[in-house]
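The sequence and the structure are shown first.

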Amino acid sequence: MSFSESRRRVFALLRGIEAEPFEITFSGSGDSGWIDDIGIPDDPECVLDLFIGYDSHVEHFEGLHKILDAFAYEVIDESGHLGWENNDGGWGTIHFDPTAGTIKLDMNVNIMSSELTEHTL
């Protein structure tokens, strides 16, 4: 199984429950990242097997929020934003449109900057 197959399964599930477009928000810093909100009501009856890419295995999930929580991390990883939770961290929103079958990721990466100024007095 792959990310593409997990995506296909998630969208089939969302269309099956007639889900409207929704968003998932996430944030992190200091080596910890988390899902802040899943903008769709939970459905404990939903079950799905998903590919988890960080250690390449398939895992069984029960409950819509647990499924979407796990899949959200996979979406972020698939986008190439590895380490978004480290150091100054990052945050963002994942937009799901089940009818169109699209995912849009808005990612903000926090960057600490410094400016050197020199003064001769």
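**Overall form**

The model is predicted. The protein chain contains two helices and six strands, and from the N terminus on these elements follow the order α-β-β-β-β-α-β-β. The radius of gyration is 17 Å, well over the 14 Å that the globule rule gives for 121 residues, so the protein chain is more spread out than a compact globule. Its C-alpha trace spans about 70 × 30 × 20 Å along the principal axes. Of the 121 residues, 34% are buried. The accessible surface amounts to about 7,400 Å², and carbon and sulfur atoms hold 48% of that area. Among contacts with a separation of 6 or more, 55% link residues 24 or more positions apart.

**The sheet and its helices**

Four strands form an open sheet in the order β2-β1-β5-β6, and their pairing is antiparallel. Strands β2 (32-38) and β6 (102-109) are the edge strands, each pairing on one side only. From one strand to the next, the twist averages 15 degrees. Strands β1 (residues 22-29) and β5 (residues 90-97) run antiparallel and are joined by seven bridges; F26 has G92 in β5 as its bridge partner. Both helices pack on this sheet, as the table sets out.

| Helix | Residues | Strands touched | Angle between directions |
|---|---|---|---|
| α1 | 3-16 | β1, β5 and β6 | about 115 degrees with β6 |
| α2 | 64-78 | β1, β2, β5 and β6 | about 130 degrees with β2 |

**The nonpolar core**

The largest nonpolar core comprises 29 residues, and L14, I24 and L50 have the most contacts inside it. At least two residues of this core come from each of α1, β1, β2, β3 (47-52), α2 and β5. The greatest contribution is that of α2, which supplies eight residues. When neighbours within four places in sequence are left aside, L14 is in contact with A19, F22, I40, L64, F96 and P98.

**Residue T93**

A second residue, T93, lies in strand β5. Is T93 buried or exposed? Its relative accessible area is 15%, and a residue counts as buried under 20%, so T93 is buried. Not counting residues up to four places away in sequence, T93 touches E23, I24, T25, F26, K104, L105 and D106.

Technical notes:
Residues are numbered from 1 along each chain as its sequence is written. This is a predicted model: local features need pLDDT of at least 70, side-chain atom pairs count only at pLDDT 80 or more; totals for chains, interfaces and linings use all residues. Side-chain values use heavy atoms; hydrogens and water are left out. Two strands pair if DSSP finds at least two bridges between them. Axes are lines fitted to C-alpha atoms, for helices over the stretch in contact, and angles run from 0 to 180 degrees between N-to-C directions. Contact means heavy atoms within 4.5 Å. A nonpolar core is a set of buried Ala, Val, Leu, Ile, Met, Phe, Trp, Tyr and Cys residues joined through side-chain atoms within 4.5 Å. Buried means under 20% relative accessible area, exposed over 50%, partly exposed in between (1.4 Å probe, protein chains only). The radius of gyration is taken over C-alpha atoms; the globule rule is 2.2 Å times the number of residues to the power 0.38. Accessible areas come from the Shrake-Rupley method with a 1.4 Å probe; for residues, only the protein chains shown count as cover.
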